[in-house]
Amino acid sequence: MVDIHADIKNRLFTITRMGGNELLTPGTELTELKFEGFLDWFVCITDPKVHWKYEPTYIISQIVVVLGGLFTLIHALVRGGRLPWLWFGITLHGIFVEILCYIIPDVDNFWHSQTPIIFFGRRLPLHIILVYNCLIYNASIAVAKMRLPKWSEPFAVGLTVVLIDLPYDIVGVKFVHWFWHDTDPNIYDRHYSVPWNSYYFHSAFTCSFVFWFHFLRREFCQSKGKWFKGKSFLKEFFATFLASLLGPIGGLPLFIPIYHPLHDVFNIHSEVTYFILLTIFLLLIWSGDRMSRSNEVNWKIPNKTHWTTFLLILHLVLHYTTFWIIPILFNPENEISTGIKEQIGPCNEYVAVQTISGMILQKRKYLCLSDYDETYFDWHCLPKQQHPTNKALWYTSCGTPFENRTEYIAVVSLICLLASVVFYNLHFKSFGDQVFSLTDDQLKLCNPKLKRKKL
């Protein structure tokens, strides 16, 4: 465990320039954030060794995500066609989603721990920009090999993203890689400290982005096939950019028919609403897969695996192995996070939360130190376990010990087992990498039944 008592700085102040490694010292507190111009607000760079000292598992997680971003980019550029546009669109989609969460008070309910490179007023870490490709690009490539109908594919990508995200979320929050708002009604119901709506969000927003990405291509970009880029660069850019914007906009309505009426009106737990969504998605995927399997007998092309696919598989192995090993080798109580979090304040001040369904709920304006439910952080690493002072919004939180380490290991192990079987079948037992290189006309020749149906 890091010994911080010798160099602790218990202080409460407002500074003109926020930056530098000294602000990461445990015990540092700020009640206001001010920046010296746009560049100081836009990006902050700090010493990775300081971050490693206090949050080593967070650095490990970031390295794996950055490698994933690099591997997916190499796959996109080497395979070509429309895959570079997919990678670019996912990146834009992730940035849009994150920024919307920071600027809209009703959904501003989480805070990332600080990282060596972080953007937008110390809110958006570099690796978070890439994590969306680690999730959505990996899922999109694997699911594409199922050759599902266009109405079924977005739902399959949405659930596959959740499968990749599960260990990242469960382990990440336990090791204080980020923090959730304590009383926001939309994220109050938790699963190992992870809001059930986090999984709902990933399913819905990914489904929406994938739908719009392919729909807009079909409408605006003439090409030889689904994964071939069109002749017009401007049309491709417009379709990709618009899909990135419509991804979160189209994802929000998926909360209206299930989550908001059941949760907000009838007080049904978010776990139930997510499993309703999960069931609907599974039924749509299964139905689409049966249609795809019925045509497989006519598939004339042998399954071949492109070398870049092994980069994606390597990242998936690193991803799942990392979040399986972290609970085994590291102790969450040794992780110390100093940075922007839910502001400390009075317990009796509330603010309205406007939902997309039109209802108005409530959450506490501040984190109430005498009545908060979060079990994944406390103040034990500070001298005398002194909690942050009133109105602090930049302060130190300490990870807490496992209540049952073996349970975490068992849960992540089960997820890893499930993922290994799913991705093995998607990459090696489905239609193969040829789906990205065959034109629509070639696909019809490979599958005469599709041609007959079209006629």
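This is a predicted model: local features need pLDDT of at least 70, side-chain atom pairs count only at pLDDT 80 or more; totals for chains, interfaces and linings use all residues.
Asn109 sits in the loop between H4 and strand S4, residues 110–112. With a relative accessible area of 9%, Asn109 is buried, because the cut-off for that word is under 20%. The side chains of Asn109 and Asp184 are joined by a polar contact of 3.4 Å. Along the chain Asn109 and Asp184 are 75 residues apart, and their C-alpha atoms are separated by 7.0 Å.

Next, Asn186. Asn186 is in the loop between strand S7, residues 178–180, and strand S8, residues 190–191. Asn186 is also buried, at a relative accessible area of 15%. Which side chain does the side chain of Asn186 meet in a polar contact? The partner is Tyr259, at 3.2 Å. Not counting residues up to four places away in sequence, Asn186 touches Asn197, Tyr259, His260 and Val353.

Thr338 belongs to strand S10, residues 336–340. Its relative accessibility is 5%, so Thr338 counts as buried. The side chain of Thr338 makes a polar contact of 2.8 Å with the side chain of Thr396. Setting aside residues up to four places away in sequence, Thr338 touches Leu23, Leu24, Thr25, Pro26, Thr28, Gln114, Trp394, Tyr395 and Thr396.

Now to the helices. H4 covers residues 83–103 and H8 covers residues 233–251; the two pack at an angle of about 35 degrees, with their axes 8 Å apart. The crossing of H4 and H8 is right-handed. On the H4 side, the residues that meet H8 are Trp85, Phe88, Gly89, Leu92, His93, Phe96, Val97 and Leu100. On the H8 side they are Phe233, Glu236, Phe237, Thr240, Phe241, Ser244, Leu245, Gly247 and Pro248. By type, the residues of this contact divide into 11 nonpolar, five polar and one charged.

A pair of aromatic rings is described by the distance of the centres and the angle of the planes. How many aromatic pairs does the count come to? The count is 43 aromatic pairs. One of them is Phe201 with Phe205, which is tilted, at 4.6 Å centre to centre and 55 degrees between the planes. Phe201 and Phe205 both lie in helix H7, residues 196–220, and they are four residues apart, about one turn of the helix. Phe205 has a relative accessible area of 9%, so Phe205 is buried.

For a second pair, take Trp227 and Phe436. Why is the pair of Trp227 and Phe436 edge-to-face? The ring centres of Trp227 and Phe436 are 5.2 Å apart and the planes are at 65 degrees; planes over 60 degrees apart count as edge-to-face, so this pair qualifies. The pair links distant parts of the chain, 209 residues apart. Trp227 is in the loop between H7 and H8, and Phe436 is in the loop between helix H12, 405–428, and helix H13, 440–446. Both Trp227 and Phe436 are buried.

Back to H7 for one more residue, Phe211, which is found in that helix. Is Phe211 buried, partly exposed or exposed? At 36% relative accessibility, Phe211 counts as partly exposed. Phe211 and Glu236 are 25 residues apart along the chain, and their C-alpha atoms are separated by 15 Å. Glu236 has already come up as one of the H8 residues that meet H4.

Last topic, backbone. Most residues other than glycine have a negative phi. Here are two residues with a positive value. Arg147, in the loop between helix H5, 126–144, and helix H6, 153–174, has a phi near 50 degrees. Asn267 has a phi near 60 degrees, and its place is in the loop between helix H9, 259–265, and helix H10, 270–294. Asn267 is at 66% relative accessibility and therefore counts as exposed. I will stop there.

Technical notes: Residues are numbered from 1 along each chain as its sequence is written. Side-chain values use heavy atoms; hydrogens and water are left out. Buried means under 20% relative accessible area, exposed over 50%, partly exposed in between (1.4 Å probe, protein chains only). A polar contact is a pair of N or O atoms within 3.5 Å; within protein, one must be able to donate a hydrogen and the other to accept it, and residues adjacent in sequence count only if both atoms are side-chain atoms. Contact means heavy atoms within 4.5 Å. Axes are lines fitted to C-alpha atoms, for helices over the stretch in contact, and angles run from 0 to 180 degrees between N-to-C directions. A crossing is left-handed if the near helix is turned anticlockwise from the far one by less than a right angle, and right-handed if clockwise. Ala, Val, Leu, Ile, Met, Phe, Trp, Tyr, Cys and Pro count as nonpolar, Asp, Glu, Lys and Arg as charged, and the others, Gly among them, as polar. Rings of Phe, Tyr and Trp (its six-membered ring) pair if their centres lie within 6.5 Å; planes under 30 degrees apart count as stacked, over 60 as edge-to-face and the rest as tilted.
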